Amino acid sequence: MSQASDQSIEEVRCNFYDRVIDAYLDVIEQKEEKGFHKINIQMLHENKRGMSMVLKAAQFLLEYNFSSGHEDESEDSVMYEHKIREIVREVKELDCLSRK
């Protein structure tokens, strides 16, 4: 595979995982305009498959967007990175993922 092709795949993954995180945040914030207020957060937090996807998305975004070469230090970027790190920490603590 070419380097351009690899980069394109990474960009697609980044866009997909961005959408996963955006949807998760909308559910947590109970966004009425998107219908997310109808989703039972407790049930979502008990769903190992769903929360594994959220964790995978957050970890990928941290690596892809906020690795050591990351240059964007705007307030929005710093706040988004903090939010993603918070998601990783909170999701890792969920019972559905901490059970062996």
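A residue counts as buried when its relative accessible area is under 20%, as exposed when over 50%, and as partly exposed in between (1.4 Å probe, protein chains only). Asp26 comes out at 9% relative accessibility, so it counts as buried. The model here is a predicted one, so local features need pLDDT of at least 70 and side-chain atom pairs count only at pLDDT 80 or more, while totals for chains, interfaces and linings use all residues. Residues are numbered from 1 along each chain as its sequence is written, and side-chain values use heavy atoms, with hydrogens and water left out.

Asp26 is part of helix H1, which covers residues 3-28; helices (H or I, at least four residues) and strands (E, at least two) are DSSP runs, numbered from the N terminus. What does Asp26 touch, leaving aside residues up to four places away in sequence? The list is Lys31, Lys34 and Phe36, with contact meaning heavy atoms within 4.5 Å. With Lys34 there is also a side chain to side chain polar contact, at 2.7 Å. Such a contact is a pair of N or O atoms within 3.5 Å; within protein, one must be able to donate a hydrogen and the other to accept it, and residues adjacent in sequence count only if both atoms are side-chain atoms.

Next come the aromatic rings. Rings of Phe, Tyr and Trp (its six-membered ring) pair up if their centres lie within 6.5 Å; planes under 30 degrees apart are stacked, over 60 edge-to-face, and the rest tilted. That rule gives three aromatic pairs. In one of them, Phe16 and Tyr17 have ring centres 5.5 Å apart and planes at 55 degrees, so the pair is tilted. Phe16 is partly exposed at 43% relative accessibility, whereas Tyr17 is buried at 6%. Tyr17 also forms a tilted pair with Phe60, at 5.1 Å centre to centre and 55 degrees between the planes. This pair links distant parts of the chain, with Tyr17 in helix H1 and Phe60 in helix H3 (residues 48-65), 43 residues apart. Phe60 counts as buried too, because its relative accessibility is 10%. Ring pairs tie Phe16, Tyr17, Phe60 and Tyr64 into a cluster.

H3 also meets helix H4 (residues 75-92): their axes come within 9 Å and cross at roughly 145 degrees. Axes are lines fitted to C-alpha atoms, for helices over the stretch in contact, and angles run from 0 to 180 degrees between N-to-C directions. Residues in this contact include Met51, Val54 and Leu55 in H3, and Tyr80, Glu81 and Ile84 in H4.
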